[in-house]
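The stops below go from the whole chain to single elements.

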Amino acid sequence: MKGIENVHQLIEGWVAENKIPGAVIDIQVKDKLRWQAAYGTASRDTIFDVASLTKVVATLPAIMTLVQSGRVSLQDPIQMYIPEFRHPDVTIEHCLKHVSGLPSGVPDFKDRYKPLDIRQIFELELEFRPGERVNYSDIGMILIGWIVSRLTQQPLDEWAREHVFEPLGMKDSYFNPPETLQGRIAPTEWDGQKYILGEVHDETCYRLGGVAGSAGLFSTAEDLARYAKIWLYPERYSLLSKETVDACLKSVFQGRGLGWQVQGASDEGLSCGPNWPEGSFGHTGFTGTSMWINPVDEMTVVFLTNGVHLGREHNELRHLRPILHEAALSIVRS
């Protein structure tokens, strides 16, 4: 198939040009086409630090099941569940849409090996009035993860394992993966002394013990492709209802639904590229991961690579991802 060959040649070329060390891709269309391939240093069962995909694969389903069951409301203020948080006007919905006014991270977020006092997070100043505009914030999703833990009396990683990963057969998805799996895990960035391997790359999550609403998940293309299907076909699964899925994707502000980026009629800057149909949705991870879902053509694309392995200044994925997704779209549009 020509579209698949185009994708194959692109990724093969990027590895040969040393733009990425390796990659795994999984493309599915309806129940008719499934193509998965590995490149460079990766194999199909390589486990990647998926970085901010954690937000939509663990934190989003966790909080939305609580909304679905009536235990919380999207309009509830964060302060209702975390009294230590000092801004009474910031709601759960604000954090999920990245319109909370919170900064993107803690001021010293790059200090990986410096202890983090969580009071720093509770005491952060807002940068603008909640709901005014989008500012992508790890802090808001960290707070959501803490709300899940306080309400369920379970750490976020335990909740995700019991309610998402195990029911869906996601057998290679972990926070803080065991050392026995290190041979399958893709190393991320050089920290000055060694390549980070099996430990979360995100500095703030690392300082929080490897589990946060913003980052920390390790997974495979196979597992993430399984997860993507619950957003296309919620009626097949018992996790999220169609009404919940619609709630996450229909109320969009400046390209942001609940958790997901959502393609609008005039959006050209998203990582799916300009020609994916309106209503497509996805997310990326700083380490080099992405997941995009095209509900019009019932298509999912999971792309896992390691953009930071060669150093952050050499990370070209912002430019490569739209090219990849445009090529993938040609599979169903050619």
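Of the contacts in the protein chain with a separation of 6 or more, what percentage comes from residues 24 or more positions apart? Those residues account for 67% of such contacts, where contact means heavy atoms within 4.5 Å.

This is a predicted model, in which local features need pLDDT of at least 70 and side-chain atom pairs count only at pLDDT 80 or more, while totals for chains, interfaces and linings use all residues. Residues are numbered from 1 along each chain as its sequence is written, and side-chain values use heavy atoms, with hydrogens and water left out.

**Whole chain**

Select the protein chain. Its C-alpha atoms fill a box of roughly 55 × 45 × 35 Å along the principal axes. Of the 334 residues, 59% count as buried (under 20% relative accessible area, with a 1.4 Å probe and protein chains only).

Now colour by secondary structure. The chain has 11 helices and 9 strands; these are DSSP runs numbered from the N terminus, with helices being H or I of at least four residues and strands E of at least two.

**The hairpin**

Select residues 22-29, strand β1, and residues 33-40, strand β2: the two run antiparallel and are joined by 8 bridges. Strands pair if DSSP finds at least two bridges between them. Gln-28 stands opposite Arg-34 in β2. The hairpin has 3 residues between its strands, and Lys-30 takes a positive phi near 50°.

**The open sheet**

Next, show β3, β5 and β4, which form an open sheet in that order with antiparallel pairing. β3 (48-49) and β4 (174-175) are the edge strands, each pairing on one side only. β3 pairs with β5 (residues 217-219) over 2 bridges, and Asp-49 stands opposite Phe-218 in β5.

**Two crossing helices**

Finish with helix α2 (residues 54-68) and helix α7 (residues 156-168), whose axes come within 10 Å and cross at roughly 80°. The axes are lines fitted to C-alpha atoms over the stretch in contact, and angles run from 0 to 180 degrees between N-to-C directions.

Show side chains here: residues in α2 including Val-57, Pro-61 and Thr-65 meet residues in α7 including Trp-159, Val-164 and Phe-165.

Key: Buried means under 20% relative accessible area, exposed over 50%, partly exposed in between (1.4 Å probe, protein chains only).
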